[in-house]
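Come along while I look things up, one entry at a time.

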Amino acid sequence: MAKKQIDSITKLTKIVEGIQELKGKRIVTVDMTGLQDTPCSYFVICQGDSNTHVNSITNSVSRWVREKIHIHSQEIDGLENCRWVAMDYGEIIVHIFQRPDREFYDLENLWLNAELTWYEDVA
């Protein structure tokens with residue numbers, strides 16, 4: 001069990017680094033490991049400024065995680081319009097939004113008892 005936790009933390013770290021590489025904004029991880037009936041253990045949520053930026057962040061995460069820890073996403077959805085892209089890494093789901101869609105869906109606040117960790121924007 002401890003190995004899975006270490007693997008999850010390593011994945012989270014590399015996903016966040018991949019987002020930061022392309023200057024994704026307002027990055028937050030949502031730790032749902034202590035909650036019941038959740039779709040996964042963690043969400044990573046961020047936003048980009050445009051369709052192109054969201055697409056670039058998605059590509060950066062995919063490449064970064066693949067190159068650094070040799071893991072591929074199981075599924076990527078939302079690339080057709082790049083307003084909200086979801087990347088499935090098993091116990092971690094990455095959500096890359098444009099700002100209006102992120103504000104509308106407000107995923108980071110769906111699970112009130114989840115632990116949120118915010119990251120500074122990269123300048």
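Before listing any neighbours, I note that contact means heavy atoms within 4.5 Å. I am working with a predicted model, in which local features need pLDDT of at least 70 and side-chain atom pairs count only at pLDDT 80 or more, while totals for chains, interfaces and linings use all residues. Residues are numbered from 1 along each chain as its sequence is written, and side-chain values use heavy atoms, with hydrogens and water left out.

**Entry: Asp121**

I started with what Asp121 touches. Leaving aside residues up to four places away in sequence, I found Gly24, Lys25, Arg26 and Ile27. I also looked up polar contacts, meaning a pair of N or O atoms within 3.5 Å; within protein, one must be able to donate a hydrogen and the other to accept it, and residues adjacent in sequence count only if both atoms are side-chain atoms. The side chain of Asp121 reaches the backbone nitrogen of Arg26 at 2.8 Å.

Where does Asp121 lie? I place Asp121 in the segment after strand S6 (115-118). Helices (H or I, at least four residues) and strands (E, at least two) are DSSP runs, numbered from the N terminus. For accessibility, I call a residue buried under 20% relative accessible area, exposed over 50% and partly exposed in between, with a 1.4 Å probe and protein chains only. Asp121 is partly exposed, because its relative accessibility is 43%.

**Entry: the sheet**

Next I traced the strands, which pair if DSSP finds at least two bridges between them. I read 6 strands in an open sheet, in the order S3-S4-S5-S2-S1-S6, with mixed pairing. Strand S3 (75-77) and S6 are the edge strands, and each pairs on one side only. For angles, I keep in mind that axes are lines fitted to C-alpha atoms, for helices over the stretch in contact, and that angles run from 0 to 180 degrees between N-to-C directions. On average, with direction ignored, neighbouring strands of this sheet are turned by 15° against each other.

I then went through some of the pairs. Strand S1 (residues 25-31) and strand S2 (residues 42-48) are antiparallel over 5 bridges, and Thr29 has Val44 in S2 as its bridge partner. S4 and S5 run antiparallel with 5 bridges, where Trp84 has Phe97 of S5 as its bridge partner. I also noted that S4 and S5 make a hairpin with 3 residues between them, and that Gly90 in the turn has a positive phi of about 80°.

Is S5 enclosed or open? I found S5 largely enclosed by the rest of the structure, because 7 of its 7 residues are buried. Ile92, Val94, Ile96 and Gln98 point one way from S5, while Ile93, His95 and Phe97 point the other way.

**Entry: helix H2**

Helix H2 (residues 51-69) lies across S2, S3, strand S4 (84-88) and strand S5 (92-98), and runs at about 160° to S5. I looked up two of its residues.

Thr58 is in helix H2, and counts as buried because its relative accessibility is 1%. Beyond residues up to four places away in sequence, Thr58 touches Ile76, Leu79, Val85, Met87 and Ile96. A polar atom of the Thr58 side chain lies 2.9 Å from the backbone oxygen of Val54.

His53 is also found in helix H2, and is buried with a relative accessible area of 15%. Which backbone oxygen does the side chain of His53 reach? I found that of Leu22, at 2.9 Å.

**Entry: aromatic rings**

Last, I searched for aromatic pairs: rings of Phe, Tyr and Trp (its six-membered ring) whose centres lie within 6.5 Å, with planes under 30 degrees apart counted as stacked, over 60 as edge-to-face and the rest as tilted. The whole structure gives 5 such pairs. One of them, Phe97 with Tyr105, is stacked, at 6.4 Å centre to centre and 25° between the planes. Phe97 is buried at 1% relative accessible area, whereas Tyr105 is partly exposed at 38%. I also noted one aromatic cluster formed by Trp84, Phe97, Phe104 and Tyr105.
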